[in-house]
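This report describes the packing of helices and the nonpolar cores of one protein model. Please consult the sequence and structure shown below while reading.

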Amino acid sequence: MTLVERAAHLRVAGAPIDVRGDAIGCAERTGVLPRIREQRIRMAEHGVFVHADGSVAARLPVEEMSDSGDAIEIAREDLVRTLAAALPASADLVLGDSVDALADDGDGVDVHFVSGRSERFDLVVGADGLHSVTRRPAFGPERDYLRHLGLYVALTDLPAEARADRTNPLYNCPGHLASIARYKDGAFGVFLVRSGLLDHDHRDLDAQKKILLDAFAGHTEWKIPQLLDAVRADPEFCFDSVGQIHMPTWSRGRVALVGDAAHCAALLSGRGTSLALSGAHFPAEELDDAGGDHTMAFERYERRQRPYVEFAQNSVTDGGELIVPST
Ligand SMILES: Cc1cc2nc3c(=O)[nH]c(=O)nc-3n(C[C@H](O)[C@H](O)[C@H](O)COP(=O)(O)OP(=O)(O)OC[C@H]3O[C@@H](n4cnc5c(N)ncnc54)[C@H](O)[C@@H]3O)c2cc1C
(Lines give C-alpha, C1' and ligand atoms only; values in the text may rest on other atoms or scores of the structure.)
Protein backbone atom coordinates (compact mmCIF):
# COMPACT_ATOMS: atom_id res chain seq x y z
CA MET A 1 0.00 0.00 0.00
CA THR A 2 1.33 3.44 -0.96
CA LEU A 3 -0.03 6.63 0.65
CA VAL A 4 0.65 9.87 -1.17
CA GLU A 5 0.35 13.23 0.65
CA ARG A 6 0.88 16.48 -1.22
CA ALA A 7 2.28 18.35 1.78
CA ALA A 8 5.91 17.84 2.70
CA HIS A 9 4.87 16.78 6.22
CA LEU A 10 1.82 15.27 7.91
CA ARG A 11 -0.79 18.03 7.97
CA VAL A 12 -1.79 18.50 11.58
CA ALA A 13 -3.17 22.08 11.57
CA GLY A 14 -6.91 22.70 11.74
CA ALA A 15 -9.90 22.93 14.02
CA PRO A 16 -10.70 20.20 16.55
CA ILE A 17 -13.16 17.69 15.11
CA ASP A 18 -15.68 15.12 16.33
CA VAL A 19 -15.50 11.36 15.93
CA ARG A 20 -19.05 10.00 16.14
CA GLY A 21 -21.59 7.52 14.79
CA ASP A 22 -20.29 4.71 12.57
CA ALA A 23 -16.74 6.10 12.83
CA ILE A 24 -16.57 5.02 16.48
CA GLY A 25 -17.08 1.37 15.50
CA CYS A 26 -14.53 1.76 12.70
CA ALA A 27 -11.99 3.24 15.13
CA GLU A 28 -12.68 0.37 17.51
CA ARG A 29 -12.16 -2.29 14.83
CA THR A 30 -8.96 -0.55 13.70
CA GLY A 31 -7.70 -0.55 17.30
CA VAL A 32 -7.32 3.24 17.63
CA LEU A 33 -10.43 4.00 19.73
CA PRO A 34 -8.75 3.80 23.17
CA ARG A 35 -6.07 6.29 22.04
CA ILE A 36 -8.76 8.61 20.59
CA ARG A 37 -10.71 8.50 23.86
CA GLU A 38 -7.55 9.25 25.91
CA GLN A 39 -6.98 12.45 23.92
CA ARG A 40 -10.55 13.76 24.16
CA ILE A 41 -10.91 17.52 24.58
CA ARG A 42 -13.94 19.68 25.39
CA MET A 43 -13.82 22.80 23.29
CA ALA A 44 -17.36 23.27 21.94
CA GLU A 45 -18.82 23.04 25.47
CA HIS A 46 -17.12 26.34 26.35
CA GLY A 47 -18.66 28.25 23.43
CA VAL A 48 -20.51 31.50 24.25
CA PHE A 49 -22.10 34.10 21.99
CA VAL A 50 -20.88 37.59 22.95
CA HIS A 51 -22.11 41.16 22.44
CA ALA A 52 -19.97 43.85 20.77
CA ASP A 53 -18.50 44.81 24.19
CA GLY A 54 -17.50 41.20 24.91
CA SER A 55 -20.20 40.52 27.52
CA VAL A 56 -21.90 37.13 27.26
CA ALA A 57 -25.18 37.04 25.33
CA ALA A 58 -25.84 33.29 25.46
CA ARG A 59 -24.18 29.95 25.92
CA LEU A 60 -23.75 27.75 22.83
CA PRO A 61 -26.52 25.13 23.21
CA VAL A 62 -24.22 22.18 22.47
CA GLU A 63 -26.71 19.57 23.75
CA GLU A 64 -29.45 20.92 21.44
CA MET A 65 -27.15 21.16 18.44
CA SER A 66 -25.77 17.67 18.77
CA ASP A 67 -28.10 14.89 17.65
CA SER A 68 -25.79 12.14 18.85
CA GLY A 69 -24.52 11.88 22.39
CA ASP A 70 -21.58 9.70 21.42
CA ALA A 71 -19.31 12.33 19.82
CA ILE A 72 -15.66 12.40 20.93
CA GLU A 73 -14.05 15.80 20.36
CA ILE A 74 -10.34 15.58 19.55
CA ALA A 75 -7.65 17.95 18.26
CA ARG A 76 -7.00 17.31 14.57
CA GLU A 77 -3.26 16.95 15.20
CA ASP A 78 -3.90 14.19 17.77
CA LEU A 79 -6.18 12.27 15.42
CA VAL A 80 -3.74 12.57 12.50
CA ARG A 81 -0.82 11.38 14.66
CA THR A 82 -2.88 8.51 16.08
CA LEU A 83 -3.85 7.32 12.60
CA ALA A 84 -0.30 7.72 11.27
CA ALA A 85 1.09 5.69 14.19
CA ALA A 86 -1.39 2.89 13.39
CA LEU A 87 -0.20 2.49 9.80
CA PRO A 88 1.19 -1.00 9.16
CA ALA A 89 4.95 -1.20 8.64
CA SER A 90 4.29 -2.31 5.06
CA ALA A 91 2.65 1.03 4.18
CA ASP A 92 4.82 3.28 2.09
CA LEU A 93 4.18 6.97 2.95
CA VAL A 94 5.25 9.35 0.17
CA LEU A 95 5.28 13.02 1.20
CA GLY A 96 5.44 16.02 -1.13
CA ASP A 97 3.89 14.41 -4.20
CA SER A 98 0.54 14.32 -5.93
CA VAL A 99 -1.32 12.49 -8.67
CA ASP A 100 -0.96 14.18 -12.03
CA ALA A 101 -2.67 11.68 -14.37
CA LEU A 102 -4.41 8.30 -14.13
CA ALA A 103 -5.08 5.61 -16.74
CA ASP A 104 -7.24 2.63 -15.76
CA ASP A 105 -6.98 -0.14 -18.39
CA GLY A 106 -9.21 -2.60 -16.52
CA ASP A 107 -6.35 -4.68 -15.10
CA GLY A 108 -4.59 -1.92 -13.19
CA VAL A 109 -4.13 1.84 -12.93
CA ASP A 110 -1.08 3.63 -14.30
CA VAL A 111 -0.44 6.69 -12.17
CA HIS A 112 1.79 9.54 -13.21
CA PHE A 113 2.88 11.78 -10.33
CA VAL A 114 3.66 15.49 -10.29
CA SER A 115 7.22 14.60 -9.26
CA GLY A 116 7.65 12.92 -12.64
CA ARG A 117 7.67 9.30 -11.50
CA SER A 118 5.10 6.73 -12.70
CA GLU A 119 3.84 3.54 -11.09
CA ARG A 120 1.16 0.93 -11.70
CA PHE A 121 -1.34 0.05 -8.94
CA ASP A 122 -4.18 -2.47 -8.55
CA LEU A 123 -6.51 0.19 -7.14
CA VAL A 124 -6.40 3.96 -6.55
CA VAL A 125 -8.36 5.53 -3.69
CA GLY A 126 -8.64 9.32 -3.77
CA ALA A 127 -8.78 10.69 -0.21
CA ASP A 128 -7.54 14.16 -1.08
CA GLY A 129 -10.32 16.35 0.24
CA LEU A 130 -12.94 18.77 -1.12
CA HIS A 131 -10.76 19.96 -4.01
CA SER A 132 -9.56 16.45 -4.90
CA VAL A 133 -7.32 16.20 -7.94
CA THR A 134 -7.73 12.43 -8.08
CA ARG A 135 -11.44 13.04 -8.78
CA ARG A 136 -10.79 15.12 -11.90
CA PRO A 137 -9.25 12.55 -14.30
CA ALA A 138 -11.64 9.75 -13.29
CA PHE A 139 -14.91 11.67 -12.75
CA GLY A 140 -14.58 15.13 -14.27
CA PRO A 141 -14.30 18.69 -12.94
CA GLU A 142 -15.23 19.82 -9.42
CA ARG A 143 -17.92 22.21 -10.69
CA ASP A 144 -20.00 19.18 -11.79
CA TYR A 145 -20.32 18.05 -8.16
CA LEU A 146 -19.86 21.14 -5.97
CA ARG A 147 -22.84 22.67 -4.14
CA HIS A 148 -21.71 26.01 -2.69
CA LEU A 149 -23.45 26.77 0.61
CA GLY A 150 -23.08 30.55 0.43
CA LEU A 151 -20.32 30.75 3.05
CA TYR A 152 -16.54 31.08 3.28
CA VAL A 153 -14.50 29.90 6.26
CA ALA A 154 -11.12 31.17 7.45
CA LEU A 155 -8.82 30.00 10.23
CA THR A 156 -5.91 31.91 11.72
CA ASP A 157 -3.44 31.19 14.47
CA LEU A 158 -3.90 33.39 17.58
CA PRO A 159 -0.79 33.02 19.73
CA ALA A 160 -1.78 36.02 21.89
CA GLU A 161 -5.09 34.39 22.92
CA ALA A 162 -3.73 31.03 24.06
CA ARG A 163 -4.87 30.17 27.58
CA ALA A 164 -6.26 33.72 28.13
CA ASP A 165 -9.43 32.25 29.64
CA ARG A 166 -11.49 29.14 29.20
CA THR A 167 -14.42 30.44 27.14
CA ASN A 168 -14.61 30.28 23.39
CA PRO A 169 -16.45 33.44 22.31
CA LEU A 170 -18.45 33.78 19.09
CA TYR A 171 -19.38 37.25 17.83
CA ASN A 172 -22.00 37.74 15.10
CA CYS A 173 -23.09 40.60 12.95
CA PRO A 174 -25.42 39.89 10.01
CA GLY A 175 -23.73 37.53 7.56
CA HIS A 176 -20.51 37.39 9.62
CA LEU A 177 -19.06 35.31 12.43
CA ALA A 178 -15.74 35.97 14.17
CA SER A 179 -14.76 33.67 17.00
CA ILE A 180 -11.91 32.47 19.17
CA ALA A 181 -11.40 28.77 19.78
CA ARG A 182 -9.06 27.72 22.57
CA TYR A 183 -8.00 24.16 23.27
CA LYS A 184 -4.99 22.55 24.90
CA ASP A 185 -2.32 25.28 24.92
CA GLY A 186 -3.27 27.01 21.66
CA ALA A 187 -5.89 29.31 20.20
CA PHE A 188 -7.09 30.15 16.73
CA GLY A 189 -9.61 32.48 15.17
CA VAL A 190 -12.47 31.14 13.06
CA PHE A 191 -14.35 33.39 10.65
CA LEU A 192 -17.40 32.66 8.54
CA VAL A 193 -18.78 35.10 6.00
CA ARG A 194 -21.77 34.81 3.72
CA SER A 195 -20.83 35.12 0.05
CA GLY A 196 -21.64 33.66 -3.32
CA LEU A 197 -18.94 31.59 -5.00
CA LEU A 198 -15.86 33.73 -5.67
CA ASP A 199 -13.37 33.31 -8.46
CA HIS A 200 -10.04 33.39 -6.62
CA ASP A 201 -6.65 31.71 -6.72
CA HIS A 202 -6.52 28.90 -4.12
CA ARG A 203 -2.71 29.25 -3.92
CA ASP A 204 -2.56 33.06 -3.47
CA LEU A 205 -2.50 33.64 0.29
CA ASP A 206 -2.49 37.46 0.08
CA ALA A 207 -5.53 37.47 -2.22
CA GLN A 208 -7.38 35.18 0.20
CA LYS A 209 -6.49 37.40 3.18
CA LYS A 210 -7.74 40.43 1.26
CA ILE A 211 -11.14 38.81 0.68
CA LEU A 212 -11.55 38.26 4.42
CA LEU A 213 -10.15 41.68 5.43
CA ASP A 214 -12.50 43.38 2.95
CA ALA A 215 -15.47 41.40 4.27
CA PHE A 216 -14.79 42.73 7.80
CA ALA A 217 -13.72 46.24 6.69
CA GLY A 218 -15.10 48.95 9.01
CA HIS A 219 -15.88 46.49 11.84
CA THR A 220 -14.25 47.73 15.03
CA GLU A 221 -16.55 45.89 17.46
CA TRP A 222 -15.39 43.29 19.95
CA LYS A 223 -11.91 41.93 19.12
CA ILE A 224 -12.29 42.11 15.35
CA PRO A 225 -9.34 44.53 14.78
CA GLN A 226 -6.95 42.25 16.77
CA LEU A 227 -8.21 39.17 14.95
CA LEU A 228 -7.67 40.85 11.58
CA ASP A 229 -4.11 41.80 12.64
CA ALA A 230 -3.52 38.11 13.38
CA VAL A 231 -4.78 37.25 9.88
CA ARG A 232 -2.32 39.74 8.33
CA ALA A 233 0.58 38.16 10.26
CA ASP A 234 -0.29 34.47 9.76
CA PRO A 235 1.78 32.58 7.14
CA GLU A 236 -0.47 29.49 7.63
CA PHE A 237 -3.77 31.37 7.18
CA CYS A 238 -6.40 29.04 5.78
CA PHE A 239 -9.38 30.12 3.67
CA ASP A 240 -11.93 28.11 1.69
CA SER A 241 -15.47 28.00 0.43
CA VAL A 242 -18.01 26.01 2.41
CA GLY A 243 -19.52 23.54 0.02
CA GLN A 244 -20.72 20.01 -0.41
CA ILE A 245 -19.78 17.37 -2.97
CA HIS A 246 -22.71 15.41 -4.41
CA MET A 247 -21.78 12.53 -6.73
CA PRO A 248 -24.01 9.80 -8.17
CA THR A 249 -21.27 7.22 -7.62
CA TRP A 250 -17.93 7.13 -5.80
CA SER A 251 -16.12 4.59 -7.91
CA ARG A 252 -15.34 4.05 -11.54
CA GLY A 253 -13.48 0.89 -12.44
CA ARG A 254 -10.41 0.62 -10.23
CA VAL A 255 -10.59 4.20 -8.92
CA ALA A 256 -12.66 5.07 -5.82
CA LEU A 257 -13.11 8.21 -3.76
CA VAL A 258 -13.52 8.47 0.01
CA GLY A 259 -14.06 11.28 2.53
CA ASP A 260 -14.55 14.89 1.44
CA ALA A 261 -13.33 14.01 -2.07
CA ALA A 262 -16.41 11.79 -2.51
CA HIS A 263 -19.08 13.43 -0.39
CA CYS A 264 -17.97 16.53 1.55
CA ALA A 265 -20.83 17.38 3.91
CA ALA A 266 -19.30 20.76 4.91
CA LEU A 267 -18.02 21.80 8.32
CA LEU A 268 -21.51 22.76 9.54
CA SER A 269 -22.48 19.10 9.58
CA GLY A 270 -19.87 18.32 12.26
CA ARG A 271 -19.53 14.93 10.59
CA GLY A 272 -16.87 15.28 7.89
CA THR A 273 -14.16 13.53 9.87
CA SER A 274 -16.41 10.69 10.92
CA LEU A 275 -17.54 10.21 7.32
CA ALA A 276 -13.90 10.25 6.20
CA LEU A 277 -13.03 7.57 8.79
CA SER A 278 -15.92 5.25 7.92
CA GLY A 279 -15.47 6.01 4.23
CA ALA A 280 -11.89 4.77 4.43
CA HIS A 281 -12.69 1.77 6.62
CA PHE A 282 -15.74 0.36 4.79
CA PRO A 283 -14.02 -0.21 1.42
CA ALA A 284 -11.09 -1.89 3.20
CA GLU A 285 -13.47 -4.24 5.04
CA GLU A 286 -15.46 -4.90 1.87
CA LEU A 287 -12.32 -5.64 -0.17
CA ASP A 288 -11.33 -8.20 2.46
CA ASP A 289 -14.80 -9.78 2.45
CA ALA A 290 -15.05 -9.82 -1.36
CA GLY A 291 -11.69 -11.52 -1.68
CA GLY A 292 -10.33 -8.57 -3.64
CA ASP A 293 -13.31 -8.24 -6.05
CA HIS A 294 -13.15 -4.45 -6.20
CA THR A 295 -16.39 -4.02 -8.19
CA MET A 296 -18.43 -5.84 -5.55
CA ALA A 297 -16.49 -4.22 -2.71
CA PHE A 298 -16.96 -0.65 -4.00
CA GLU A 299 -20.72 -1.25 -4.53
CA ARG A 300 -21.10 -2.52 -0.96
CA TYR A 301 -19.04 0.40 0.38
CA GLU A 302 -21.43 2.85 -1.28
CA ARG A 303 -24.51 1.03 0.04
CA ARG A 304 -23.18 1.16 3.62
CA GLN A 305 -21.89 4.74 3.49
CA ARG A 306 -24.52 6.61 1.50
CA PRO A 307 -27.36 6.78 4.09
CA TYR A 308 -25.06 8.40 6.64
CA VAL A 309 -23.70 10.82 4.02
CA GLU A 310 -27.20 11.87 2.98
CA PHE A 311 -28.21 12.38 6.62
CA ALA A 312 -25.11 14.53 7.24
CA GLN A 313 -25.49 16.58 4.06
CA ASN A 314 -29.21 17.21 4.73
CA SER A 315 -28.53 18.33 8.32
CA VAL A 316 -26.53 21.39 7.31
CA THR A 317 -29.06 24.13 6.51
CA ASP A 318 -30.21 24.89 10.07
CA GLY A 319 -26.63 25.09 11.40
CA GLY A 320 -25.78 27.95 9.05
CA GLU A 321 -28.60 30.17 10.32
CA LEU A 322 -27.63 29.49 13.93
CA ILE A 323 -23.90 30.13 13.57
CA VAL A 324 -24.01 32.89 10.91
CA PRO A 325 -27.47 34.49 10.93
CA SER A 326 -28.11 36.33 7.69
CA THR A 327 -30.13 39.08 9.43
C1 LIG B 1 -13.16 24.97 10.30
C2 LIG B 1 -13.55 23.53 10.11
C3 LIG B 1 -14.18 22.88 11.16
C4 LIG B 1 -14.58 21.55 11.02
N5 LIG B 1 -15.19 20.94 12.06
C6 LIG B 1 -15.51 19.64 11.96
C7 LIG B 1 -16.10 18.95 13.09
O8 LIG B 1 -16.32 19.50 14.15
N9 LIG B 1 -16.38 17.63 12.95
C10 LIG B 1 -16.12 16.96 11.78
O11 LIG B 1 -16.37 15.75 11.72
N12 LIG B 1 -15.61 17.59 10.71
C13 LIG B 1 -15.30 18.92 10.76
N14 LIG B 1 -14.76 19.55 9.68
C15 LIG B 1 -14.64 18.83 8.41
C16 LIG B 1 -13.46 17.91 8.38
O17 LIG B 1 -12.27 18.61 8.68
C18 LIG B 1 -13.36 17.26 6.99
O19 LIG B 1 -14.62 16.77 6.60
C20 LIG B 1 -12.39 16.09 7.05
O21 LIG B 1 -11.10 16.57 7.39
C22 LIG B 1 -12.34 15.35 5.71
O23 LIG B 1 -11.30 14.42 5.73
P24 LIG B 1 -10.60 13.97 4.39
O25 LIG B 1 -9.48 13.06 4.83
O26 LIG B 1 -11.59 13.46 3.43
O27 LIG B 1 -10.00 15.28 3.74
P28 LIG B 1 -8.93 16.31 4.31
O29 LIG B 1 -8.97 16.38 5.80
O30 LIG B 1 -9.13 17.57 3.53
O31 LIG B 1 -7.52 15.65 3.94
C32 LIG B 1 -7.08 15.59 2.62
C33 LIG B 1 -5.59 15.30 2.65
O34 LIG B 1 -5.16 15.14 1.31
C35 LIG B 1 -4.03 15.96 1.08
N36 LIG B 1 -4.08 16.36 -0.34
C37 LIG B 1 -4.84 17.32 -0.89
N38 LIG B 1 -4.64 17.38 -2.21
C39 LIG B 1 -3.74 16.41 -2.49
C40 LIG B 1 -3.13 15.97 -3.67
N41 LIG B 1 -3.40 16.55 -4.84
N42 LIG B 1 -2.25 14.93 -3.62
C43 LIG B 1 -1.97 14.33 -2.43
N44 LIG B 1 -2.50 14.74 -1.25
C45 LIG B 1 -3.38 15.74 -1.29
C46 LIG B 1 -4.19 17.14 2.02
O47 LIG B 1 -2.95 17.75 2.27
C48 LIG B 1 -4.77 16.45 3.25
O49 LIG B 1 -3.78 15.91 4.08
C50 LIG B 1 -14.35 20.87 9.79
C51 LIG B 1 -13.72 21.52 8.73
C52 LIG B 1 -13.32 22.85 8.89
C53 LIG B 1 -12.64 23.55 7.72
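In which kind of crossing, left-handed or right-handed, does α1 pass α9?

## Basis of the report

The model is predicted, so that local features need pLDDT of at least 70 and side-chain atom pairs count only at pLDDT 80 or more, whereas totals for chains, interfaces and linings use all residues. Residues are numbered from 1 along each chain as its sequence is written, and side-chain values use heavy atoms, with hydrogens and water left out.

## Helices α1 and α9

The crossing of α1 past α9 is left-handed (the near helix is turned anticlockwise from the far one by less than a right angle). Helices are DSSP runs of H or I with at least four residues, strands are runs of E with at least two, and both are numbered from the N terminus. Helix α1 (residues 22-30) packs against α9 at about 55°, and their axes lie 8 Å apart. Axes are lines fitted to C-alpha atoms, for helices over the stretch in contact, and angles run from 0 to 180 degrees between N-to-C directions.

D22, A23, C26, R29 and T30 of α1 meet S274, L277, S278, H281, F282 and E285 of α9. By class, this contact has 4 nonpolar, 4 polar and 3 charged residues. Contact means heavy atoms within 4.5 Å.

## R304 in helix α10

R304 belongs to helix α10 and is partly exposed, with a relative accessible area of 32%. Not counting residues up to four places away in sequence, R304 touches R29, F282, E285 and E286. R304 and S278 are 26 residues apart in sequence, and their C-alpha atoms are 9.4 Å apart in space.

## Nonpolar cores

A nonpolar core is a set of buried Ala, Val, Leu, Ile, Met, Phe, Trp, Tyr and Cys residues joined through side-chain atoms within 4.5 Å. The largest has 28 residues, and L102, V111, V124, F139, M247 and V255 have the most contacts inside it. Elements giving two or more residues to this core include β7 (99-104), α5 (135-139) and α9 (272-289); α10 supplies the largest share, 4 residues.

Leaving aside neighbours within four places in sequence, F139 is in contact with Y145, M247, T249, W250, S251, R252, V255 and L257. Another core, of 23 residues, lies apart from the largest one and includes V48, A154, L158 and L227.

Key:
Buried < 20%, exposed > 50% of the residue type's maximum accessible area, 1.4 Å probe, protein only. Nonpolar A, V, L, I, M, F, W, Y, C, P; charged D, E, K, R; others polar.
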